[in-house]
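Here are my notes on the model, point by point. Please read them with the structure open.

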Amino acid sequence: MRVRSLIPLPLALLMPALLAAQAGETVRFKFGWTPGLVADIATTSSVTTGTGRPPTAQQFKLRLTTASHPDGIRVQTTAPDAGANPRVNGFDLAAANSAAESIVSRDGAYLRLMDTVKTRRMMDSVVNAMTANLAGMPPAARDKMKSMLSIAYIEQASRQAWDQQTRSFLGRTWKTGEEVIDTMRAPHPMSMGAMTLAAQRTVLVGVVPCDSAAKPGLRCAHMRRVSTLDPASLRAVMMETMKELAPGMSESDLQAALPAIEAVTTTDMLLEIETLLVRRVTSTMMQKMAIMGNAQQNETSTTVTYTYTSR
């Protein structure tokens, strides 16, 4: 018995070539951010612990705007309205942590913070909100918290965040299924100048339509990045911090008090190929922590969606 193909002969002859082309699809991103962008950012985050308790969930709303600047483009993220986000001692920490205005070049390089005086005032407000109910905090610990939100650290963190989500995708041709392996160096808030390390594997999963609201024919790249924390680099930073906060503790007691932390984060990003505008980011971090014989595993899941109302 002969089985007839349901695929027309010309298409059947082309199928191997089409599949091969899809498997070897390539992407080269362009930086197309322009002044006048407005995007509403909705973030949903949930944390599941190994204690059996129900997951804790939070939602945040922010707004991204861009404007022209003599050196390039001003990028700012703020809360869209009062009361949009969870508050600590009456203060919107989500908005405050995202309030720094940055300047990026027209080709996507991070340049600097725009207004350090304004940023400093905002960070001081954050510190006051965080310490309002901690009157008994030791002076050394209070000073350490203030140093965690220094202008130098905010600039380092802003630069690293921009590079991770934007700049790191430029300047290379990405091929479907081909991993790019590198090391991420992230500033640590508890020790100025110290870096924690993470091994990163980034891959182009495929090219897909951006979403139903996007312009017809607008293509997005589905990128996946897996970051594995280097426990030794984190432990070294934590040890130096503990020595500052508890100068009277012996080396052995400090070692025993430090938790052993492992963390792996998987992040999926939907990025416009022609502009490198972010459409959606979903991430899952699996964290294991052991201290003094007690172990716990947490899972943090986050989804961030960008809705562009002006571009």
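1. F31 is buried, as its relative accessible area is 15%. Buried means under 20% relative accessible area, exposed over 50%, and partly exposed in between (1.4 Å probe, protein chains only). The model is predicted: local features need pLDDT of at least 70, side-chain atom pairs count only at pLDDT 80 or more, and totals for chains, interfaces and linings use all residues. Residues are numbered from 1 along each chain as its sequence is written, and side-chain values use heavy atoms, with hydrogens and water left out.

2. What surrounds F31? Leaving aside neighbours within four places in sequence, F31 is in contact (heavy atoms within 4.5 Å) with I73, V104, S105, R106, D107, G108, W162, T166, L170, T275 and L276.

3. F31 also belongs to the largest nonpolar core, which has 34 residues. Such a core is a set of buried Ala, Val, Leu, Ile, Met, Phe, Trp, Tyr and Cys residues joined through side-chain atoms within 4.5 Å. The members touching the most others are F29, F31, W33, F169, M223, L271 and L276. A second core is separate and has eight residues, among them L229, L234, M239 and L254.

4. Next, the rings. Six aromatic pairs turn up in a search of the whole structure. Rings of Phe, Tyr and Trp (its six-membered ring) pair if their centres lie within 6.5 Å; planes under 30 degrees apart count as stacked, over 60 as edge-to-face and the rest as tilted. F31 and W162 make an edge-to-face pair, because their planes stand at 70 degrees, with the centres 6.1 Å apart. This pair links distant parts of the chain, 131 residues apart: F31 sits in the loop between β1 (26–27) and β2 (38–49), W162 in helix α5. Helices (H or I, at least four residues) and strands (E, at least two) are DSSP runs, numbered from the N terminus. W162 is buried too, at 9%.

5. F169 and W174 pair in a tilted arrangement, 5.9 Å centre to centre and 50 degrees between the planes. Both residues are buried. With F29 they form one aromatic cluster. The criterion is NZ of Lys or CZ of Arg within 6 Å of the ring centre and within 35 degrees of the ring normal. R311 likewise lies over the face of Y308, at 5.7 Å from the ring centre.

6. Now the strands. β8 (residues 179–187) and β9 (residues 195–209) pair antiparallel over nine bridges. Pairing requires at least two DSSP bridges between two strands. D182 has Q200 in β9 as its bridge partner. β9 also pairs with β10 (residues 219–229), antiparallel, over eleven bridges. There A199 stands opposite T228 of β10.

7. T267 lies in strand β11 (residues 260–272). Is T267 buried or exposed? T267 counts as buried, at 15% relative accessibility. Beyond four places in sequence, its contacts are M223, R224, R225, V281, T282 and S283.

8. A161 is in helix α5 (residues 151–165) and counts as partly exposed at 43% relative accessibility. A161 and A186 are 25 residues apart in sequence, with C-alpha atoms 8.9 Å apart. L245 is in helix α6 (residues 231–245) and is partly exposed at 33%. L245 and P139 are 106 residues apart in sequence but 9.1 Å apart in space, C-alpha to C-alpha.
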